[in-house]
Amino acid sequence: MNDTAKVNLLDLDRDGLERFFAEELGEKRFRAHQIMKWIYHRHVCDFAEMSDLGKDLRAKLESRAVVMPPPVILDKPSTDGTHKWLLGMDQANAIEAVFIPDKGRGTLCVSSQVGCGLNCQFCSTATQGFNRNLSTAEIIGQVWVAAKHLGNVPHRQRKLTNVVMMGMGEPLLNFDNVVRAMSIMRDDYGFGLANKRVTLSTAGLVPMIDRLSEVSDVSLAVSLHAPTDELRTELVPLNKKYPIDELLDACVRYALRKPRTSITFEYTMMQGVNDLPEHARALAKLMRRIDAKVQRANTAKVNLIPFNPFAGTRFERSEETRIRDFQKLLLDAGVLTMVRRTRGDDIDAACGQLKGQVMDKTRRQAEFKRKTHIDSITRIN
Ligand code: SAH
């Protein structure tokens, strides 16, 4: 069997691995736990090094499986401690993952698709179009590469404390692979992260938010960026399909199902576009409405992101004072509001600057449109 015909064990979460050992190899299920520890705690990919597995089992594994993380094409440290990796996904495509260290925590920003088809007007990934979904192995492989580089040991030497699905792509349009990868992130035999330390960020796919609430306990972030449908549709075209009221109702349902979690609303600050006092007041009203419906203060939080420019964009970052004034209006209205510090912009690693290498986009773009509007959405309704 050549390597491409073998199972990449990074594609399987604990359940899948247990089944693989029991059903495919005729072995005990707990072997899955041993192998996960080798892969995710010790960063070992070579079966020959897995010394607590018997010789026969190692030979069986050699013939049927591989542990194949994505190759690192480029490894780019920033002066502020941020680190970006360009990772090869196949012959034509590459994606980016970014590590952001900050007082006592280390956050990895992970991509879920090669490119993105949602066409948010202020996002650099959008300019590249969509190519394809990443596999579970390609998603968890990003965490694996960063963890190995950092010498991260779950439960003992934690360098990587948080993962945010905020890189390239829309994670809810790659639902199964993303959910499986997030399960490995939170598994004690995987990266051992607490549920609330794994965050999925979405542009607002309403039916998928409901589906996520049924299968996962991760934190939810929603890319809002505007308080009115008119403006939001301009910035995030997906809003035409799922307008603000429907989106916020889905957030209320999510919060009601997860009694202790809050929901973060991302709001990219663009000069003269969405950063005026009237926007702040309208936004505060929306946020308070969520808290009232869930009957829990501070369920809705706002994260203001200073716009990160990229070549060819027509937007500009809001001035510092405008961002502060906007924040103050929200805080005064009782809405918990943070300003996200811009990190890694010297290496184009800040929000909305991830580009990778996306090939073949025109053909795939048409395919994506057909799929997202027919498949994934009608499947749910
Ligand atoms: N598709 C998902 C995941 C991307 S997350 C989503 O939309 O949530 C990346 C976050 O950065 C989103 O909130 C996105 O809207 C925001 N963003 C995109 N481009 C940006 C830019 N140029 N500057 C600042 N934030 C940006």
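## Helices, rings and a few loop residues

Phenylalanine 20 has a relative accessibility of 6%, so it counts as buried (buried means under 20% relative accessible area, exposed over 50% and partly exposed in between, with a 1.4 Å probe and protein chains only). Before going on, keep in mind that this is a predicted model, where local features need pLDDT of at least 70, side-chain atom pairs count only at pLDDT 80 or more, and totals for chains, interfaces and linings use all residues. Residues are numbered from 1 along each chain as its sequence is written, and side-chain values use heavy atoms, with hydrogens and water left out.

Let's stay with the rings for a moment. The structure holds 5 aromatic pairs (rings of Phe, Tyr and Trp, the last by its six-membered ring, pair if their centres lie within 6.5 Å; planes under 30 degrees apart are stacked, over 60 edge-to-face and the rest tilted). In one of them, the ring centres of phenylalanine 20 and phenylalanine 21 are 6.0 Å apart and the planes stand at 90 degrees, so the pair is edge-to-face. Phenylalanine 21 is buried too, with a relative accessible area of 0%. Tyrosine 40 and phenylalanine 191 also make an edge-to-face pair, with 5.1 Å from centre to centre and 70 degrees between the planes. This pair links distant parts of the chain, 151 residues apart: tyrosine 40 sits in helix 2, and phenylalanine 191 in the loop between helix 5 (175–186) and strand 10 (198–202). Helices here are DSSP runs of H or I with at least four residues, strands are runs of E with at least two, and both are numbered from the N terminus. Tyrosine 40 and phenylalanine 191 are both buried. Elsewhere, ring pairs tie Phe307, Phe310 and Phe315 into a cluster.

Now for the helices. Two packed helices are described by the angle between their axes and the distance between the axes. The axes are lines fitted to C-alpha atoms, for helices over the stretch in contact, and the angles run from 0 to 180 degrees between N-to-C directions.

| Helix pair | Angle | Axis distance |
|---|---|---|
| Helix 1 (14–24) and helix 2 (31–41) | about 125 degrees | 8 Å |
| Helix 6 (206–215) and helix 8 (244–257) | about 5 degrees | 9 Å |

That makes helix 6 roughly parallel to helix 8, whereas helix 1 and helix 2 are oblique to each other (under 35 degrees is roughly parallel, over 145 roughly antiparallel, 65 to 115 roughly perpendicular and the rest oblique). Which residues bring helix 1 and helix 2 together? Arg14, Leu17, Glu18 and Phe21 in helix 1 meet Arg31, Ala32, His33, Ile35 and Met36 in helix 2, where contact means heavy atoms within 4.5 Å.

Finally, here are some loop residues. Histidine 155 lies in the loop between helix 4 (136–150) and strand 9 (162–165). With a relative accessible area of 41%, histidine 155 is partly exposed. If you skip its neighbours within four places in sequence, histidine 155 is in contact with His41, Asp188 and Gly192. Histidine 43, in the loop between helix 2 and helix 3 (55–64), has a phi near 60 degrees, a positive value in a residue other than glycine. Histidine 43 is buried, at 11% relative accessible area. Asparagine 119 has a positive phi as well, near 65 degrees, and lies in the loop between strand 7 (113–115) and strand 8 (130–133). At 41% relative accessibility, asparagine 119 counts as partly exposed.
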